[in-house]
Amino acid sequence: MRTYVAVDLGATSGRVIAGRVESGRLVTEETGRFPNVPVSAPGPGGRATLHWDVLRLWAGVQDGLAAAARRFGPVTSVGIDGWAVDHGLLDADGALLGNPVHYRDARTEGAPGRLFERLSPERHHALTGVQVQPFNTVFQLVAAAGTAQLAAARRALLVPDLLASWLTGEQVAELTNASTTGLLDVTTRAWSAEVTDAASAITGVDVRALLPRLVPPGSVIGALRPEAADALGLAGANVVAVGSHDTASAVAAVPVAGRDAAWISSGTWSLVGLELDAPVLTEASRAANFTNELGVHGTVRFLRNVPGLWLLEQALATWAGQGRPQDLEALLGQAAAVPGLRCVVDVDDPVLAAPGDVPARVADLARSTGKPVPLEPAEVVRVLLDSLALAHARAVRQAAELAGRDVAVVHLVGGGSRNTLLCRLTADATGLPVEAGPAEGTATGNLLVQAAAAGDVGDDLAAMRAVVRASTPVRRYEPSGDRAAWERAEKNLRG
C-alpha cells in the first residue's frame, strides 16, 4: 500500500500529514506540526522588515518527514503546498540570499502604482487575471528595486518550490502558485513577457531570467537528493508537484457534485469563489478586485480574498498579551448568545490589515460609525464573525454575478469548517445551505493529487472528490433567521 506525505504550510503553523488510499477512502495521520512565527530584522536603510523564518520551517518539515518514514515505512512521494506570493531569492550558486519577506511587510506600499506607470492596471488584469494586492510577487520585486539582494539574485522561488528544491535540487515553479504572482499570463499559462519586461525596466534586473520553468500539478519534480533521502529515511521517494498554492489543493478537495456550488477555503484568509473552465477577464471583474488563479486539472479558481480567521487569531493574541487569555471554544459559545448584527465592520478596512490590537480597532470602527461598541471578548468575536459572514455572502453573490453562474450551495472547507458559529452565520448571510468539511482540505487535496499521479485514484477531479466524499463527514447548515436583517446590515455597512 502506497504512502504519500503532504507538507502543508500555513501562515501561523505548518503540518506534515501522511495518507493512504484504502478501499476508496483516504486515511490520514499527522506526523508533524510546528509553529510558523514571523521574525523582524533590520532591512535596507535600517527599516524593520518582517520575514518568514524559513529555516525553522525547513527544520519542522524535515522532522515531520522523518517521522512519517519511521511510522509508515517506504514513502512513495512528498507534496508541498503553502501560501502564495512570497519567495526566496537565490544567488548564482543556488544559495538563499536571505529569509523571504513576509507579505504583511509594509515595503510594498506604492509598488502597484510604480508598475502601473508602465503597464496599465487594465492591461495587467487582462494578461494575468489577478486582483491587485500590494503584496503580489510582481509588486514585491518592484519594491526590491535598487537593493543589493535583488541585484545578486539569479532565481526567485515561491516558498513551496524553494523547499522542494532543497529536497530535490530541482528549481521549478508550480503552475497554480505561479498564477498568483501577477507575472503569469492566465490565458497562455506561461510567464508574461509584457509584465516581466515592465518589471525589468523598473528594477534594472532581468525579471524573466529569475523565473524557473513551469510545471503542472501532478508532475514529478524529481527524486530526493541522496543525502536528503538517507537523512530522512525516504529512499525511493519522489517530490510531486501538487496544487502548491494551498487554496488550489483545498479546492481540489471540495466535495462538490455539480456546477452550482460556491466554495470558501476558510483559514487565515477566506478565499471565496467558484471553479470555472476559463478566466473572467472583464472590466467588472477587475473593478470588483476578483482574481483568476489556476487550479488542479486545468480549472480556474475565480475568487476574492477576504480577511479571514486571522482577525480572530489576532484578537486572541491581544487578550493573551493583556493577561486575560481566552478559551476559544467557550468564547465561541458565549458569542453565539450575543445578539447578532448589532454591529458589523468592513473586514477589508485597511485599519484591520496589520498585526496588532484588533479588539481596539474594531471598537474604534464601531465608534466612528455610531454603532454599539463591543467591549467584552464575546461581543468582539460576535462582531468579527457577523462581519466575516457578511463578507462571505457579498463575495459569493459578486462571484456568481460576474461569472454568470447560479449558486445553490456553499462548500466551506479548511479550519473554519470546525467553527460552528461561523458556518451557521455564513448560511444565514448567504441565504444558502453551507456544507462544512473537510477541515484539513488543503492536505487532503495535496495527498489526492499525489495518489492520482501514482494511479491509486482516477486522474480527474470527479474521482478525487468521490474519495473525499467517502472519507470525510460533511455537516450541513441550513439558512435560518431574518434575511431582511442581513440585507439591512449590508446596506448600512456600504452606506
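Trp52, Trp83, Tyr103, Phe135 and Trp269 are linked into a cluster by ring pairs. Rings of Phe, Tyr and Trp (its six-membered ring) pair if their centres lie within 6.5 Å; planes under 30 degrees apart are stacked, over 60 edge-to-face, and the rest tilted. This is a predicted model, where local features need pLDDT of at least 70 and side-chain atom pairs count only at pLDDT 80 or more, while totals for chains, interfaces and linings use all residues. Residues are numbered from 1 along each chain as its sequence is written, and side-chain values use heavy atoms, leaving out hydrogens and water.

There are eight aromatic pairs in the structure, and here are two of them:

| Pair | Centre to centre | Angle between planes | Type |
|---|---|---|---|
| Tyrosine 103 and tryptophan 269 | 6.4 Å | 50 degrees | tilted |
| Phenylalanine 116 and phenylalanine 139 | 5.8 Å | 85 degrees | edge-to-face |

Tyrosine 103 sits in the loop between β7 (87-90) and α2 (111-116), and tryptophan 269 in strand β16 (residues 269-276), so their pair ties together parts 166 residues apart in sequence. Helices (H or I, at least four residues) and strands (E, at least two) are DSSP runs, numbered from the N terminus.

Buried or exposed, what is tyrosine 103? Tyrosine 103 is buried, with a relative accessible area of 8%, and tryptophan 269 is buried at 17%. Buried means under 20% relative accessible area, exposed over 50%, and partly exposed in between (1.4 Å probe, protein chains only).

Charges meet rings too: the charged end of arginine 104 sits over the ring of tryptophan 310, 3.7 Å from its centre. That label needs NZ of Lys or CZ of Arg within 6 Å of the ring centre and within 35 degrees of the ring normal.
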